[in-house]
Amino acid sequence: MTEKIILHEDPASGNCYKVRLTAAHVGLPIETRAYDIMKGETRTPEFLANVNANGRIPVLQVGDRFIPESNAACFFLADGSTLVPSDKFDRADMLRWMFFEQYNHEPNIATVRFWLCFVGLEALTGLQREQIAVKRKAGNEALQLMNEHLAEREWLVGDAITLADICLFAYTHVADEAGFDLNLYPNVIAWMERIMLHPRHIEMNA
Ligand SMILES: N[C@@H](CCC(=O)N[C@@H](CS)C(=O)NCC(=O)O)C(=O)O
């Protein structure tokens with residue numbers, strides 16, 4: 001890859017960690033630019049005009065072009081590597097888990113983590129407080145589904161680690177920070193341990 005790659009990120013974000021973890025797996029060096037989302041640094045006129053009109057990180061900059069959305073950025077980095085299965089069915093199945101992550105998992109687990117660990121319970125609106133129980137229920141359903149799927153298999157798709165595992169690992173491994181009890185999901189714990197044992201694994205705060 002000849003174009004320079006820059007990850008616009010907040011280092012505390014699991015969505016950004018996914019992209020760094022993917023880059024580590026494929027052995028691609030990337031530069032990073034840090035933003036503090038708590039200070040609204042992704043909502044400035046400059047950021048909206050030049051990086052992402054949607055006001056969010058991560059954004060992967062490739063030369064002078066920009067890829068918002070974490071899973072799209074991961075796909076860009078991993079395309080052509082073993083993280084993306086060559087089998088047509090498995091490739092679609094990998095995408096299935098990545099969409100599941102964005103619809104069933106991240107909006108519940110990551111959002112509650114953000115509210116509790118970054119905003120703080122006292123600063124939440126009444127509606128957000130009410131939503132915690134709803135999101136915990138939905139988040140637990142997502143974890144249970146993963147737990148059942150992983151009962152007789154080592155990886156979410158096929159027989160090797162793929163982007164599906166990386167993208168779902170990011171917020172699963174910090175789900176306890178959102179008040180989820182991962183001990184209820186022993187197959188998920190065993191799967192996370194396999195991911196962490198991979199020689200190219202990096203920690204979220206690395
Ligand atoms: N679906 C997007 C979600 C991106 C997202 O929610 N980013 C958060 C941090 S994890 C953010 O930038 N929040 C700041 C804001 O909304 O102002 C993705 O997967 O990249």
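Helices (H or I, at least four residues) and strands (E, at least two) are DSSP runs, numbered from the N terminus. Glu69, for example, is found in the loop between strand E4 (65-68) and helix H3 (70-78). This is a predicted model, in which local features need pLDDT of at least 70 and side-chain atom pairs count only at pLDDT 80 or more, while totals for chains, interfaces and linings use all residues. Residues are numbered from 1 along each chain as its sequence is written, and side-chain values use heavy atoms, with hydrogens and water left out.

**The ligand and its surroundings**

- The ligand is surrounded by 13 residues, of which the closest are Arg43, Ile57, Glu69, Ser70 and Gln102; a residue is near a molecule if one of its heavy atoms lies within 4 Å of it.
- This shell divides into four nonpolar, six polar and three charged residues, where Ala, Val, Leu, Ile, Met, Phe, Trp, Tyr, Cys and Pro count as nonpolar, Asp, Glu, Lys and Arg as charged, and the others, Gly among them, as polar.
- A polar contact is a pair of N or O atoms within 3.5 Å; within protein, one must be able to donate a hydrogen and the other to accept it, and residues adjacent in sequence count only if both atoms are side-chain atoms.
- An N or O atom in the side chain of Arg43 is 2.7 Å from an oxygen atom of the ligand, whereas a nitrogen atom of the ligand lies 2.7 Å from a backbone N or O atom of Ile57.
- Gln102 places a polar side-chain atom 2.8 Å from a nitrogen atom of the ligand.
- On its own the ligand has 510 Å² of accessible area, and the protein covers 80% of that area; accessible areas come from the Shrake-Rupley method with a 1.4 Å probe, and for residues only the protein chains shown count as cover.

**The loop between H2 and E3**

- Asn52 lies in the loop between helix H2 (45-50) and strand E3 (59-62), and the side chain of Asn52 reaches the backbone oxygen of Arg56 at 2.9 Å.
- With a relative accessible area of 8%, Asn52 is buried; buried means under 20% relative accessible area, exposed over 50%, and partly exposed in between (1.4 Å probe, protein chains only).
- Ile57 has its place in the loop between H2 and E3, and Ile57 is buried because its relative accessible area is 11%.
- Pro58 is also found in the loop between H2 and E3, and the peptide bond from Ile57 to Pro58 is cis, with omega near 5 degrees.

**Glu69**

- The phi of Glu69 is near 80 degrees, which is a positive value in a residue other than glycine.
- Glu69 counts as partly exposed because its relative accessible area is 44%.

**Helix H7 and the segment after it**

- Ile195 is found in helix H7 and is buried, with a relative accessible area of 0%.
- The C-alpha atoms of Ile195 and Phe169 are separated by 7.9 Å, although these residues are 26 residues apart along the chain.
- Pro199 lies in the segment after helix H7 (186-197), and Pro199 is exposed because its relative accessible area is 77%.
- Pro199 and His25 are 174 residues apart in sequence, yet 8.6 Å apart in space, C-alpha to C-alpha.

**Arg91 in helix H4**

- Arg91 lies in helix H4 (residues 88-119) and counts as partly exposed, at 31% relative accessibility.
- From C-alpha to C-alpha, Arg91 and Met204 are 26 Å apart in space, and in sequence they are 113 residues apart.
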